[in-house]
Amino acid sequence: MGRFCYVVELVASRLAREARILDVAARLASCPGVVAGSVTSYAGGAPGHDPMRVGTAARARGLTPNIHLTCVGQDRHGLRKTLEDLHALGIENVFAMTGDYPTAPVGENRPPAEYDLDSVQLVALIALLRRAGMPFHIAVAVSPFKYTESDCVYQYLKLEKKIAAGADWAITQLGYDARKFRELQQYLRERGVRTPVLGNVYVLNQRGAEKMAKGEPPGCWVAPELLEAVRRESAVKDGGQAARLERAARMVALLRGLGYAGAYFGGTHDAGQIAWIIQRGAALAPRWEEFAAELTYAPRGGFYLYEGGGRRPRPGRGFAPVALNLLGRLFPVQRETWLRRLLRGLFGWVDRHPLLAKGLERVEMGIKGPVFGCQACGNCVLGHMEYVCPQTCPKQMRNGPCGGAHLGRCEVVDKPCIWGPVYERATAADRLADLRVYIPPPDRHLQGTSSWINYFLERDSRPGR
């Protein structure tokens, strides 16, 4: 990028008139330092205006659009069609995300949501189209504001996977913790990653703080101490506006001092406020270290990768992963051996007899269902996920946790995030590096068939295929 730049999030909510959003875009286009407007899609799990239409109209008003593209409710073919439409319109900037789980009306249960791809797989799809001649620039999200070891480290591992898949730049999720902003930069430097990162600067009012204190929307969290500070500030004559703009400016100064490539603004569309924050942040930049202690809001006892003695003690791997890995070493089938050739012939014969093939699938489900929660996807990757089934994730992700996990808990259902055990088992076995392996999306046509047959006949979708 070469210089510290600014992107402003345009929340294309249906609660806002589209004409007003476009008026905001026109004002932002003339704001010095603002290089793009990032148009949301399904923000918080609620549908809004068509981001493609809003982005096209914003560009006509002089603001470069960065279109949010989420995996919610679209299969890979629909996502590809959307990308082809963006290319036809000449829109090149895409923010690739898994997306928030759809919300439900009050008093109703959430319906199952379709997630055909996860964010890493979406980046890989966009990169594939880029190699075919569509010049997309790919942004991705990362959240350093995670306070259990598995949540934190997995966010960084997943960012590496996104970059390896083709991401050009990253944007942090919302947080108010200078130590975590510093931690992310240190991690990337140690790994030799030079991908530009923009830090999230959210202009926090009382209403937003109260929602985020309850974890709404997923991935956003405000500490009780910060909530109380915002409430006190809101009691003054201006409703806390001066205080929240000053906090945002100090966050900009902090990001500049830590070496971030820019700031990603949320919480305000007001071009005058944005311009003031930019100017004030630049003026405060020499004092950025003073603000580090003040801008550190975190849960007590939260995990930091480079503080507090490093990683914490962890449980063992459990019987099933150890036993299955031992069997894999005793009877190797991942490479071309006599045993693999024998099993390929056996499963090929079974496959030619539909009743036998269906019976084998039932036997497989009878074993793997109770033990792993298997849902007969036909593309088994248990061996790459420390014997945790990705189908048990509400978003069915195969490359790491979403940004909505909080303190090891799932954003969708009240249970532990499945990626905690994956991380714990991998670290216990000293196989953390294996978690960086890209896992491709499953072949949905194989649903309800035997993954054993598909594996040996090389029909399935898995790493290395």
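Reader: Does Glu458 count as buried, partly exposed or exposed, and at what relative accessibility?

Author: This is a predicted model, in which local features need pLDDT of at least 70 and side-chain atom pairs count only at pLDDT 80 or more, while totals for chains, interfaces and linings use all residues. Residues are numbered from 1 along each chain as its sequence is written, and side-chain values use heavy atoms, with hydrogens and water left out. Buried means under 20% relative accessible area, exposed over 50%, and partly exposed in between (1.4 Å probe, protein chains only). Glu458 therefore counts as partly exposed, at a relative accessibility of 42%.

Reader: Where is Glu458 placed, and what is its phi?

Author: Helices (H or I, at least four residues) and strands (E, at least two) are DSSP runs, numbered from the N terminus. Glu458 belongs to the segment after helix 16 (451-456). Most residues other than glycine have a negative phi. In Glu458, a residue other than glycine, phi is positive, near 55°.

Reader: Where is Gln396 found, and what is its relative accessible area?

Author: The loop between helix 14 (354-372) and helix 15 (419-428) holds Gln396. Its phi is also a positive value in a residue other than glycine, near 55°. Gln396 is partly exposed, and its relative accessible area is 27%.

Reader: Which two residues does the cis peptide bond join, and what is omega there?

Author: Most peptide bonds are trans. Pro217 sits in the loop between helix 7 (206-212) and helix 8 (224-234). The cis bond joins Glu216 and Pro217, with omega at about -10°.

Reader: How many helices and strands does the chain have, and why is it described as compact?

Author: The secondary structure comes to 16 helices and eight strands. The radius of gyration, taken over C-alpha atoms, is compared with a globule rule of 2.2 Å times the number of residues to the power 0.38. That rule gives 23 Å for 465 residues, so the chain is as compact as a globular protein of that length, its radius of gyration being 24 Å.

Reader: What share of the contacts with a separation of 6 or more comes from residues 24 or more positions apart?

Author: Contact means heavy atoms within 4.5 Å. Of the 465 residues of the chain, 53% count as buried. Among contacts with a separation of 6 or more, the share from residues 24 or more positions apart is 77%.

Reader: Which residues touch the most other members of the largest nonpolar core?

Author: In soluble globular proteins, nonpolar side chains tend to be buried together. A nonpolar core is a set of buried Ala, Val, Leu, Ile, Met, Phe, Trp, Tyr and Cys residues joined through side-chain atoms within 4.5 Å. The largest one has 119 residues, and those touching the most other members are Leu83 and Phe265.

Reader: Which helix gives the most to this core?

Author: Leu83 has among its contacts Leu69, Val94 and Phe136, not counting residues up to four places away in sequence. With nine residues, the element that gives the most to this core is helix 9.

Reader: Is Arg247 buried or exposed, and at what relative accessible area?

Author: Arg247 lies in helix 9 (residues 241-258). Leaving aside neighbours within four places in sequence, its contacts are Tyr176, Leu226, Ala229, Val230, Glu233 and Leu295. Arg247 is buried, because its relative accessible area is 9%.

Reader: How far apart in space are Trp276 and Glu246, C-alpha to C-alpha?

Author: Trp276 is in helix 10 (residues 271-284) and is partly exposed, with a relative accessible area of 37%. Leaving aside neighbours within four places in sequence, Trp276 is in contact with Leu245, Glu246 and Ala249. Trp276 and Glu246 are 30 residues apart in sequence, and their C-alpha separation is 9.3 Å.

Reader: Which residues does Gln334 touch, not counting those up to four places away in sequence?

Author: Gln334 is found in the loop between helix 12 (319-330) and helix 13 (338-351). At 73% relative accessibility, Gln334 counts as exposed. Not counting residues up to four places away in sequence, Gln334 touches Arg340 and Tyr455.
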